[in-house]
Amino acid sequence: MDLFQYKNGVLYCEDIPVNSLPEKGLPTPFYLYSANTLRQHYKKIYSIFEKLQPMICFSVKSSNNVHLLNELAALGAGMDIVSGGELFVVKQSNADLSKVVFAGVGKSDEEITDAIVSEVGFINIESEQELARVQELAGELKREVNVLIRILPDVLDEKTNEKTRTGHKGAKFGIDYAHVEALIEENADHPYVKIRGLHSHIGSPISSYTFYVAAIQKMVELVEHLKRKNIRLDVLNIGGGFPANYMDNDNFSWESFAGPITELLEPYVKNEGFKIILEPGRSISANTGIMVTKVLYVKQSGDKHIVILDGGMTELIRPAMYNAFHFIWPVKPQPEHVLANRNYPVQQEGLITYDVVGPICESSDYLAKERPLPALRQGDYIAVFTVGAYGMVMASNYNLHVRPAEIMIDKDKIYIIRERETQEDLVRTMIKHEL
Ligand SMILES: Cc1ncc(COP(=O)(O)O)c(C=O)c1O
Ligand SMILES: N[C@H](CCC[C@H](N)C(=O)O)C(=O)O
């Protein structure tokens, strides 16, 4: 499932021993990606939904390095974007702009104009007022644009973290299901803005296919109602939110996840020529990356063992923000602690329970609480797994820490794909001038 494995007692990324990078002088913390894991995951998602011939628009918010985007674009991926900044980066990549979908509840005039002029594939409309604004701007530009209406299906997976639920009634995303049919009827004949279909994204990660089925049933119901009024849609975008393996590297049963979704949508593809769009982020990118950090200090506080790393919430905010779980293990453990498989909890004797914390001045700056780990020593390199999604993209300069480098490994080749920031970068935009 990913190409981060222990061989000869050391963690490897593809053909490269991970400890060789800091030993060559690369400062920790840094993000390390496996190009072949990225390729494999894209192909896997495509293959399980192959019967739908889907357009897979990778969710750029999960992982936005242009060099990683290029790897996916080379395999035919489109991109799912949510800002002018993401559009700008995608334009620097080799992605086909006609395979770009642009979502987001608060698009500015500049962002909408950029999307129209750049001829992105679809704008996902998230409010009645946004549709009106897109119509005005497309009218002024005299340019056609395809849009999808994002429905709010009122589907809730209670296993999804409260902070990453998006499909329930009252959420800020999409348009209330009850308003969508009338909105499409009233706007079906606009000369520039073509309503081509529906979009839904119900949160992330989603624990069962049943929630997709529930949302898709609502979409299909609308498609059928509109058909009776002679309004034809031909695109269904079922969003992202597919899971990733955070706790273990066992194979998730993708086939049983995709089967019922495919069954529901296949007749629309085969008999009515519908285009199906998916917007996976973490299911492609999460397991493609690790963060490598170093143990600065180990100490005891009361009866707690605390290990202080040089990377924390500024590099990886997910534990602080969502209480998210990331598997953590030394890059070069003592021989008796080498792992054959990453499966949590680790069944080994002689582990010590640590709070794993970062250097930032916040109590919420931790990467794991009460985590059994081999005894750690100053200078040990530590791998934090499954951080390829919502890792580097959410990094910050809080406490004026520089953001880390990103490295990509492709078999035995090592590429720096983002330089570590410098302290000069921290003050670059602090320019005082009178307005
Ligand atoms: C509209 C939309 N599509 C796709 C995604 C990607 O979600 P995931 O990374 O869980 O696949 C998100 C998550 O932010 C989203 O908001
Ligand atoms: N915005 C996404 C979830 C992003 C969650 C991500 N930031 C994480 O670290 O898990 C959504 O609406 O489904």
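Two residues are in contact when heavy atoms of theirs lie within 4.5 Å. I note at the outset that this model is predicted.

**Entry 1: Gly 281.** With that definition in hand, I looked up the contacts of Gly 281. Leaving out residues up to four places away in sequence, I found that Gly 281 touches Phe 58, Ser 59 and Ser 62. I located Gly 281 in the loop that joins strand 13 to helix 10. Is Gly 281 buried or exposed? Its relative accessibility is 3%, so I recorded Gly 281 as buried, since the cut-off for buried is under 20%.

**Entry 2: Glu 279.** I placed Glu 279 in the loop between strand 13 (275-278) and helix 10 (282-285). Glu 279 has 6% relative accessibility and therefore counts as buried. Beyond its neighbours within four places in sequence, Glu 279 is in contact with several residues, including Cys 57, Ser 59, Asp 80 and His 199. Asn 124 is also one of these contacts, and I noted a polar contact of 3.3 Å between the side chains of Glu 279 and Asn 124.

**Entry 3: the record.** I consulted UniProt, where an unreviewed entry lists Gly 241, Glu 279, Pro 280, Gly 281, Arg 282 and Tyr 390 under "binding site". Of these, I found Gly 241, Glu 279, Gly 281, Arg 282 and Tyr 390 in the lining of the largest pocket.

**Entry 4: ligand 2.** Which residues surround ligand 2? Among them I listed Thr 164, His 201, Arg 282, Arg 318, Tyr 322 and Tyr 390. A polar side-chain atom of Arg 282 is 2.8 Å from an oxygen atom of ligand 2. For Arg 318, a side-chain N or O atom lies 2.6 Å from an oxygen atom of the ligand. A polar side-chain atom of Tyr 322 is 2.7 Å from a nitrogen atom of ligand 2. Taken alone, ligand 2 exposes 360 Å², of which the protein buries 86%.

Key: Residues are numbered from 1 along each chain as its sequence is written. Chains are lettered from A and ligands numbered from 1 in the order in which they are written. This is a predicted model: local features need pLDDT of at least 70, side-chain atom pairs count only at pLDDT 80 or more; totals for chains, interfaces and linings use all residues. Side-chain values use heavy atoms; hydrogens and water are left out. UniProt positions are given in the numbering used here, feature names are shortened, and annotations may be inferred rather than shown by experiment. On a 1 Å grid over the protein atoms alone, a cavity is a set of points where a 1.4 Å probe fits but cannot get out, and a pocket is an open set with protein on both sides within 12 Å along at least five of seven lines; lining residues have an atom within 4 Å of a point. Helices (H or I, at least four residues) and strands (E, at least two) are DSSP runs, numbered from the N terminus. Buried means under 20% relative accessible area, exposed over 50%, partly exposed in between (1.4 Å probe, protein chains only). A polar contact is a pair of N or O atoms within 3.5 Å; within protein, one must be able to donate a hydrogen and the other to accept it, and residues adjacent in sequence count only if both atoms are side-chain atoms. A residue is near a molecule or strand if one of its heavy atoms lies within 4 Å of it. Accessible areas come from the Shrake-Rupley method with a 1.4 Å probe; for residues, only the protein chains shown count as cover.
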